[in-house]
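Open the structure in your viewer and keep the selection tool ready. Each stop below says what to select and what is there.

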Amino acid sequence: MSPISHVLSTIHCEADGGSSSLASSALKSVRNAVAAPENELKRWRRVFEANAKVAIDGEKFLDPENFVNAIAPKGDLTKIGRAQFTILFRVADTSKRGLLSWDDFTVFQTLLKRPDADYWMAFQYFDVDSSGTITYDEFKNVFMANVGPSAIPFDFDCDWVKLYLGQKNGTHVLGYNEFTQLMKGLQGERLRQAFKYLDTDRDGFIRPEQFKQIILEIAGHKLSDAVVDRLPTLCTLTPGGRISYSEVVAFHNVVREMDMVERIIREATAKTKDGRIDQSDFLNHSAANSRYSLFTPMEASIIFHFAGRGSGEKRLALVDFAQLLDPRWRAPHEDIESKPTSSTTSFLEGFLHSAYNFVQGGFAGALGATIVYPIDMVMTRMQNQRSTVVGQMLYKNSIDCAQKIFRNEGFLGFYRGLGPQLIGVAPEKAIKLTVNDLVRGRAMDPETGRIKLGWELIAGATAGGCQVIFTNPLEIVKIRLQIQGEAAKLEGAAPKGAVHIVRQLGIVGLYRGASACLLRDIPFSAIYFPAYSHLKKDVFHEGYNGKQLSFLETLGSAAIAGMPAAYLTTPADVVKTRLQVEARKGQTHYRGLTDAFFKIYREEGFKALFKGGPARVLRSSPQFGFTLLAYEYLHKFLPYPWQEKPHEVKTALTTSRQDDMSRIRARNALKILLDVHGDFGRRPAASSSPSPKSA
């Protein structure tokens, strides 16, 4: 056994005589023979030197404020206030001079290495005169000094306290081991007394607001604000609108075993195909991974009630449990919305974000359009082929069309009209992506980040409708440029540029076929965006246990989503093409959307409405695949500087233990005291030493 192990084990002594001298001797021995690695001492020295701001006669000291800076975890995932760490200052300040020397700090850090540091620090805090024992008066005085006058009263003369400290006041004192058992059972006794105190009519029920008061005093620091606000809703689990003692005890057991609750939820959700579990899955996994039953059906119902926000029968994913597992949980976007920003700053941020999306959407759209433009050319030529007479047909099929374009117009013929297409891609993609994200953001559940399917469809449809304001003029110019190749061959006409076409059409003419364009783009986007989202999430399991999609999975999701969207909207695209192309002599003229639809159906048959459908799938599917792939990778490798990161379920259970264990142990040392009452360390009285016990 190492020297320090031997020394510290003697501190547990329960003997009455010589306790004070034993404790003093132990601390001196620790100073002289600290069994800590040299690199650990160097780290402690670095922390001490960085925070010790008080100098007396050339020696540095830590005052209470700087002591907190030295030991409190940074970015802690609990609701323990930094000021509450001053509780530990009184434990570390054994000389009671209000300052800590390097030797004091070394002793404190060594004590934090104890596996029972939480109970040991609590014992030191209650042992006001450092005698090594705690009397009834000492226990009562320290407790009352840290509890406000509005707290639910605790009866120190109850049978439970007398079982630990005896019937006769002062005849039985608590040693360290006895104290640890008292502290472990104290919360349960406080819970029982609080319920009995508030149940004034003795009918076994309390009101929801009284239940909330009990939990806030006993475990408020362990629960997120969202769960605290919903505490009164526990009354909805049973008829009557009130809460029984069984439900209070069940909720307390859930909070007390929250680490085990989290382990079961993480393991159970990882084993299901959809990453979701219900109450049966939770109880089954709990039973299969423990010797004895850990949770009752009532406790499971309570877990799912608060995770499901009142709908305990649903299958829930890990993110749904976040507000219950993470005491510092906040709803998505809540942090950003809570920051006070001026209207000028808000406008500037919105403008910069829009510009960011505009540029990246433009690059992504240009890439996708360029890759598939030859297919788009073939599709347009096929859709504009109106005759069903074999001798009058220019192209037999899409392959024949591609061959004739290459033979008659060369390779560049496949890219005729690409300029207007690329010019229109940037605003089109920016509008489509921005509007879709905007509507989804407004309709998204602020606590889980999810969106209902109906709103997904509305978001996509709105995005598709808004883009037409840019796409229709550019598409009509593009289509007329694409058709000019075959017109020039038949009629010997000289090809005309985009400027000539714009002047010829005028502003109103640029929106010819807009109704058909709306009829195509609204359902296309309504189908595409939800399909893309659900393929990523439900088929390729994006975000499931932190999974990030690969290059092929992202491309596959975007491409597959484009297939049904492209083919099912082909009739509208055929009608749009016919309305936007300048009809030649002898060809049918269309007065509008309905007229075009019926004339195509009557003259060419139902199949004509799906002309170019396969080519449209071959074009739209890879185009949107490469566009969305490029868009996501641009966002990944060139992220928006102020972009909000996706919410992850991070708790104290998942944080790294390699940063600085002493800070984590310091936090854990407060757990026992805060379990006594959540106000420990918050009230001014807590900073002053309670009156010592009488001789």
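A crossing of two helices is left-handed if the near helix is turned anticlockwise from the far one by less than a right angle, and right-handed if clockwise. Helices (H or I, at least four residues) and strands (E, at least two) are DSSP runs, numbered from the N terminus.

This is a predicted model, in which local features need pLDDT of at least 70 and side-chain atom pairs count only at pLDDT 80 or more, while totals for chains, interfaces and linings use all residues. Residues are numbered from 1 along each chain as its sequence is written, and side-chain values use heavy atoms, with hydrogens and water left out.

**Stop 1: colour by confidence.** pLDDT is the predictor's confidence in each residue, from 0 to 100. Its mean over the protein is 79, and 78% of the residues reach 70 or more. Select helix α1 (residues 3-10), where confidence is lowest at a mean of 37, then strand β4 (residues 243-244), where it is highest at 95. Over residues 335-342 pLDDT stays under 50, and the model has 4 contacts (heavy atoms within 4.5 Å) for them beyond four places in sequence. Where pLDDT is low, the predicted coordinates should not be read in detail.

**Stop 2: helices α4 and α6.** Select residues 64-71 for α4 and residues 102-112 for α6. Their axes (lines fitted to C-alpha atoms, for helices over the stretch in contact, with angles from 0 to 180 degrees between N-to-C directions) are 13 Å apart, at an angle of about 40°. That makes α4 oblique to α6; angles under 35 degrees count as roughly parallel, over 145 as roughly antiparallel, 65 to 115 as roughly perpendicular and the rest as oblique. The crossing is right-handed. Show side chains for Phe67, Ala70 and Ile71 in α4, which meet Phe105, Phe108 and Gln109 in α6.

**Stop 3: helices α7 and α10.** Next select α7 (residues 117-126) and α10 (residues 176-198), whose axes cross at roughly 100° and come within 10 Å. α7 is therefore roughly perpendicular to α10. Residues in this contact include Trp120 and Phe123 of α7 and Phe179 and Met183 of α10.

**Stop 4: an aromatic pair.** The whole structure has 36 aromatic pairs. Rings of Phe, Tyr and Trp (its six-membered ring) pair if their centres lie within 6.5 Å; planes under 30 degrees apart count as stacked, over 60 as edge-to-face and the rest as tilted. Select phenylalanine 211 and phenylalanine 251: their ring centres are 5.5 Å apart and their planes at 85°, so the pair is edge-to-face. Phenylalanine 211 lies in helix α11 (residues 208-219) and phenylalanine 251 in helix α13 (residues 245-256), so the pair ties together parts 40 residues apart in sequence.
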